[in-house]
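The following briefing goes through selected features of one protein chain, grouped by topic. Please read it alongside the sequence and the coordinates.

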Amino acid sequence: MTSDLRKMRKNWKPFLLKLTPARIALLYASAGCLWIAFSDMALTARVHDVYLITLIAMMKGWLYVAVTAIILYLLIRRGEATLRESEKKFRMLADTAAAAIFIYREATFLSVNATSQKMTGYSQEELLRMNFWDVAHPDHRAMMRQRAAARLRGDDVVSRYEFKIVTKLGEERWVDFTSGIIEFEGRRAVLGTAYDVTERKQLENQLRQSQKIEAVGLLAGGVAHDFNNILTAIIGYGHIIKMKLPEHDPLRSYADQILTSAERAANLTSGLLAFSRKQVIQPHPVNIDEIITRVGRLLTRLIGEDIELSMELGCGETAILADPGQIELVLMNLATNAQDAMPDGGQLTITTGRVELGRDFIDTHGFGVAGSYALITATDTGVGMDQKTQDRIFEPFFTTKEVGKGTGLGLAVVYGIIKQHEGFITVYSEPGKGTTYKIYLPITKATIEQKRTLKTADTWDGSETILVAEDDEAVRHLTVKLLTEAGYRVVEASNGEEAVRKYKEQKDAIQLLLLDVIMPRKNGKEAYDEISGIRPDIKTIFMSGHAGDVFERKHINGKRFNIIMKPVSPLSLLHKVREVLDA
Ligand SMILES: Nc1ncnc2c1ncn2[C@@H]1O[C@H](COP(=O)(O)OP(=O)(O)OP(=O)(O)O)[C@@H](O)[C@H]1O
Ligand SMILES: [Mg+2]
């Protein structure tokens, strides 16, 4: 029994606390009925004068009305306060949300939060006078209209998609938009939320671009490498034919044609090798301002009189680890592009300076390592580029120039070189507003070496004995032929093992090793290691159509060893041989 009472009391309290409108009405009616019944009964039992009864009943009624009015007032006030409180909380939530939250009906905004205003740049009043489509990018309006119409028809449409908006200042931003149907002020309306995903979109785009370029680089590098061997043979035999033909033989001009075409092909190949970062670079600490000053002199002549070149150099003594020849090439390519972009003249400004790149730069650009960088900028006042062109400029063979005017390799080479120097390059451009390239190269703590003077031999023949090890038959025969023509005695080997064996057989005669790096059985480096075990001071030249990375993997450092890249012109091979023999 007592437990039942307790249960009832327990149920009673929440009942009172949860005063729903229905409960209030029920309570009001019951209390009213009880009050009227009991008070009237008590009144008629005590008072018998009809006039007095009427008077007291009337006052009793007023008293009831007054009490219930007060209760009603208190209840309404409490309800309003709760409503206001919850509205305030909701506003606060909506306004501090990272997303733009808005309600619209038939594309007209009915309510917008603070983020909507921040995202679009329009004030609340402006937005409430506007139409949903006004904010959307013109390219996306049709798609959005179609979806809205399909939804009105009751079709099943996606409620989440991405589109571009245009802010009050004309800036384009990407948003991730979600919508749902709600009841607003008694009618159906759409509740939309939109997140700004511009940065993510940009990063995705950058990643896609760089993956594409990596893939193209791999392909280009592979093709270029095989091409190199073929070209070595073509150029070499072309030279031999020419050498063998008498001075005035009409066939000599054909040999010349072969050689010029092959040289052009070799230039293309070396561009592709640079792009795919497969060139041997010989980096050492250099002063960036010095390189730019030197190139500047050349550029003034290159870009013509209509273009004014100005330079502001601010790197001072700062050193970067670079191959100066490659950096010069980068600047030449940027300058020729600038020249093409300013057919009626203009201004090209090159600046240098030091920058510290922090995490935020890396986060927004999606690449790099934090640290100190030398920043080179090249700004022109030319025709500029739209986004579509900018997305493709670093691809090899991408050009907007007419056939015969550009190969589309310029920026691909720039890209490859900068990457190989562990730096990065960005481009900012707008049609009609010029272009700015920014190149970041890591600063090194190493000090700048004194200028190295290169000694080149001026003779190219000799009578020494040279061991030539090369697996590619065409290249080997050619090299042997060249060397014998020049008077040398040559010992031939087609792989590393044979090279070691032949060396052992004639070790007293052989004065120079000419070794291909990649060979079957034993590679060039392994053969060298074994031979230098017998004779530590043996003179050696490594030959490769492979890239710098091969040299690195085989631990052949460009500084300690003599490296010659294929395709090598016969004269430079002979010069190199003489130079090393005389050293
Ligand atoms: N400064 C610039 N201003 C305007 N457009 C540029 C600029 N730099 C590059 N471009 C655009 O990028 C494209 C690719 O440039 P890239 O240097 O790779 O090749 P190219 O100049 O066309 O040919 P190549 O350099 O091999 O002679 C150009 O065709 C041009 O449309
Ligand atoms: Mg170019």
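This is a predicted model: local features need pLDDT of at least 70, side-chain atom pairs count only at pLDDT 80 or more; totals for chains, interfaces and linings use all residues.

The hairpin of β3 and β4 has 5 residues between its strands, and within this hairpin G170 takes a positive phi near 90°.

**The antiparallel sheet**

- Strand β3 (residues 160-166) pairs with strand β4 (residues 172-184) in the antiparallel sense over 7 bridges, and K164 stands opposite W174 in β4.
- On its other pairing, β4 runs antiparallel to strand β5 (residues 187-196) over 10 bridges, with A189 in β5 as the bridge partner of I182.
- The hairpin that β4 and β5 form leaves 2 residues between the strands, and E185 in its turn has a positive phi of about 50°.
- Strand β1 (residues 100-105) also pairs with β5 in the antiparallel sense, here over 5 bridges, and A100 stands opposite A194 in β5.

- Most residues other than glycine have a negative phi.
- E106, which lies in the loop between β1 and β2, has a positive phi near 45° although it is a residue other than glycine; E106 counts as exposed because it has 11 C-beta neighbours inside 10 Å, where the cut-off for exposed is 12 or fewer.
- A107 is placed in the loop between β1 and β2 as well, and its phi is positive at about 70° although it is not a glycine; with 15 C-beta neighbours inside 10 Å, A107 therefore counts as partly exposed.

- Another open sheet is formed by 5 strands in the order β14-β13-β15-β16-β17, with parallel pairing; the edge strands here are β14 (489-493) and β17 (562-565), each pairing on one side only, and neighbouring strands are turned by 20° against each other on average, direction ignored.
- Within this sheet, strand β15 (residues 510-516) and strand β16 (residues 539-544) pair in the parallel sense over 5 bridges, and the bridge partner of L514 is I541 in β16.
- Helix α16 (residues 496-505) packs on the sheet, where it touches β13 (465-469), β14 and β15, and its direction makes about 160° with that of β13.

- Helix α8 (residues 198-244) packs against helix α15 (residues 473-485) at an angle of about 35°, with their axes 9 Å apart, and the crossing of α8 and α15 is left-handed.
- The contact brings N229, T232, A233, G236, Y237, I240 and M243 of α8 to A474, V475, L478, K481, L482 and E485 of α15; the residues of this contact divide into 8 nonpolar, 3 polar and 2 charged.
- Helix α2 is hardly covered, since the count of buried residues among its 26 residues is 0, where a buried residue is one with 20 or more other C-beta atoms within 10 Å of its own.

Definitions and conventions: Residues are numbered from 1 along each chain as its sequence is written. Chains are lettered from A and ligands numbered from 1 in the order in which they are written. Axes are lines fitted to C-alpha atoms, for helices over the stretch in contact, and angles run from 0 to 180 degrees between N-to-C directions. Helices (H or I, at least four residues) and strands (E, at least two) are DSSP runs, numbered from the N terminus. A crossing is left-handed if the near helix is turned anticlockwise from the far one by less than a right angle, and right-handed if clockwise. Two residues are in contact if their C-beta atoms, placed from the backbone, lie within 7 Å. Ala, Val, Leu, Ile, Met, Phe, Trp, Tyr, Cys and Pro count as nonpolar, Asp, Glu, Lys and Arg as charged, and the others, Gly among them, as polar. Two strands pair if DSSP finds at least two bridges between them.
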